[in-house]
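Trainee: Please take me through this structure feature by feature, giving the general idea before the particular case wherever there is one.

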Amino acid sequence: MAKQSRLKYVIDALSERLPMEKLSFESMVQKKEVPLHKMSWAYYMGGLALFFFLTQLITGVMLLFYYEPTVSDAHASVEYITQHVVWGDLIRNLHTWSSSLMILCVMVHLLTTFAMKAFEAPRELTWLTGVGLLIITFMFGFTGYLLPWHQIAVNATKVGLQSIEYLGNYLPGFLAEWPTMIKEIIQGGPTVGQATLSRFYALHVVILPLCLFGLLGLHLLSVQLHGMSQGIDKPSKKQERFFPFFVLKDFSLWGIVFLITFILALCLPFESFFSFPLFEPYDPLGSTPDGIKPEWYFLFLFYPLELLPFWVVLLGLMIVMGVLTFTPWIFKSTSRKILTIISLLSAAYLIIMTLFGGIIYEWVKGGH
Ligand code: HEM
């Protein structure tokens, strides 16, 4: 009896999170309304992340026609794409710009949905699938970085994988061996080499996209089943129809954003932002270049790792991931005002560490 009522509780809770009775074109599209208020712009952020993901998918498939996932040919194939394939440099630039813009949109989307309390019941599943999408998005960045197999990429990956191994120093007993095992499974051998490239390639082009499709499907299904959350404390009565008005605005925004990304990719190779040449192929006997840094979207983690003891950053990261996962329950009774303050403080931290982390690092290391 107790077992039965527990089962019923779980089924009821699940069907409240995914109310499949609302699965109809009428309720999910025709009758859907989007609230109009000062935060309405934030309802476009998830769509923008989706747009950049689709751009990644299309440009990524195009790059696959020429890319060779072997340590002997990977670098040369990327060089060939950039220098000899018609529009090859544009496609590659689009892929790089769009990856950064996707990560930016996902971060803004996370912070705005948090501030607007869009994770509130019955939207826990939307939030949880969102946390999964966030992790996958960062994993796309990490695995993609290695694929051109240049000096910086391989060395940065070595540093990244090394951090996993360090974890063992903070774990007790037999658990201490696990991080090294995990690192070796990812790496596929004693050092970063062909097995690592094959694994990162498989993750980047097959496994992560499949996981993302699954999670995104659930994410969007739950958004459409529940409709948009109210977003602010005292919502005005003003609403607009999702179809055609919101959809039309959404697609117009996609058009504008595509034009901007296209112009950026055409005029400004992403690599022009780096102070070191990216295009030297990896040489196992070569030295690790000075000032090696990960992509900008990992700097918020990179500088604390350079400045603080490893365990402090690790503990901080675990707390943040725990809080993110349990957000719908931890912040159940928190006001939107407090949530907005937490969001703004988090955004300030991310911006300061990304833009000024290098200066802070020099300042601290300079003995001030
Ligand atoms: C690949 C990454 C992602 C894509 C493509 C995506 C896509 C979307 C789309 C299209 C919407 C509906 C429009 C909107 O409210 O913006 C949405 C809503 C939502 N997303 Fe995401 N999302 C992603 C990641 C995330 C992350 C990282 C979180 C937070 C952890 C998140 C949490 C939410 C929530 C709570 C809603 C409901 C908003 C509401 O009802 O007002 N999403 N997402």
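**Backbone angles and burial**

Mentor: Lys117 counts as buried, because it has 22 C-beta neighbours inside 10 Å, and the cut-off for that label is 20 or more. Bear in mind throughout that this is a predicted model.

Trainee: Where is Lys117 found, and what is its phi?

Mentor: The general idea is that most residues other than glycine have a negative phi. Lys117, which sits in the loop between α5 and α6, has instead a positive phi near 55°.

Trainee: Which phi does Trp149 have, and is Trp149 buried or exposed?

Mentor: Trp149 is not a glycine either, and its phi is positive, at about 50°. Its place is in the loop between α6 and α7, the latter covering residues 151-166. Trp149 is buried, because 23 other C-beta atoms lie within 10 Å.

Trainee: Which residues does a cis peptide bond join here?

Mentor: As a general rule, most peptide bonds are trans. In this model a cis bond joins Ala121 and Pro122, with omega about 5°, and Pro122 belongs to the loop between α5 and α6. A cis bond also joins Phe243 and Pro244, where omega is about 10°; Pro244 is placed in helix α10, residues 242-267.

Trainee: How should I read the nonpolar core, and which residues of the largest one touch the most other members?

Mentor: In soluble globular proteins, nonpolar side chains tend to be buried together. In this chain the largest nonpolar core holds 31 residues, of which Leu48, Ala49, Phe52, Met102, Cys105 and Val106 touch the most other members. The elements giving two or more residues to this core are α3, α5, α6 and α10, and α5 gives the most, with 13 residues.

Trainee: With which residues is Met102 in contact, leaving aside its neighbours within four places in sequence?

Mentor: Once those sequence neighbours are set aside, the contacts of Met102 are Ala49, Phe52, Phe53, Gln56 and Thr137. There is also a second, separate core of 18 residues, which includes Phe142, Trp149, Ala156 and Leu203.

Trainee: Which residues come nearest to the ligand, and which helix gives the most to the shell around it?

Mentor: Gly46, Ala118, Gly130, Leu134 and Ser229 come nearest among the 28 residues around the ligand. At least two residues of the shell are supplied by each of α3 (45-64), α5 (88-115), α6 (124-146) and α9 (194-226), and α6 gives the most, with seven residues. By residue class, the shell divides into 17 nonpolar, 10 polar and one charged.

Trainee: Why does the radius of gyration of the protein chain agree with that of a compact globule?

Mentor: A compact globule of 368 residues would have a radius of gyration near 21 Å, and the protein chain has 23 Å, so the two are taken to agree. Taken along the principal axes, the C-alpha atoms fill a box of roughly 65 × 55 × 50 Å.

Trainee: How many helices and strands does the protein chain have, and what share of its residues count as buried?

Mentor: The secondary structure comes to 14 helices and two strands, and 25% of the 368 residues count as buried. If you look at contacts between residues at least 6 apart in sequence, 82% of them join residues at least 24 apart.

Technical notes. Residues are numbered from 1 along each chain as its sequence is written. This is a predicted model: local features need pLDDT of at least 70, side-chain atom pairs count only at pLDDT 80 or more; totals for chains, interfaces and linings use all residues. A residue is near a molecule or strand if its C-beta atom, placed from the backbone, lies within 6 Å of it. Helices (H or I, at least four residues) and strands (E, at least two) are DSSP runs, numbered from the N terminus. Ala, Val, Leu, Ile, Met, Phe, Trp, Tyr, Cys and Pro count as nonpolar, Asp, Glu, Lys and Arg as charged, and the others, Gly among them, as polar. A residue is buried if 20 or more other C-beta atoms lie within 10 Å of its own, exposed if 12 or fewer, and partly exposed in between; C-beta atoms are placed from the backbone. The radius of gyration is taken over C-alpha atoms; the globule rule is 2.2 Å times the number of residues to the power 0.38. Two residues are in contact if their C-beta atoms, placed from the backbone, lie within 7 Å. A nonpolar core is a set of buried Ala, Val, Leu, Ile, Met, Phe, Trp, Tyr and Cys residues joined through C-beta atoms within 7 Å.
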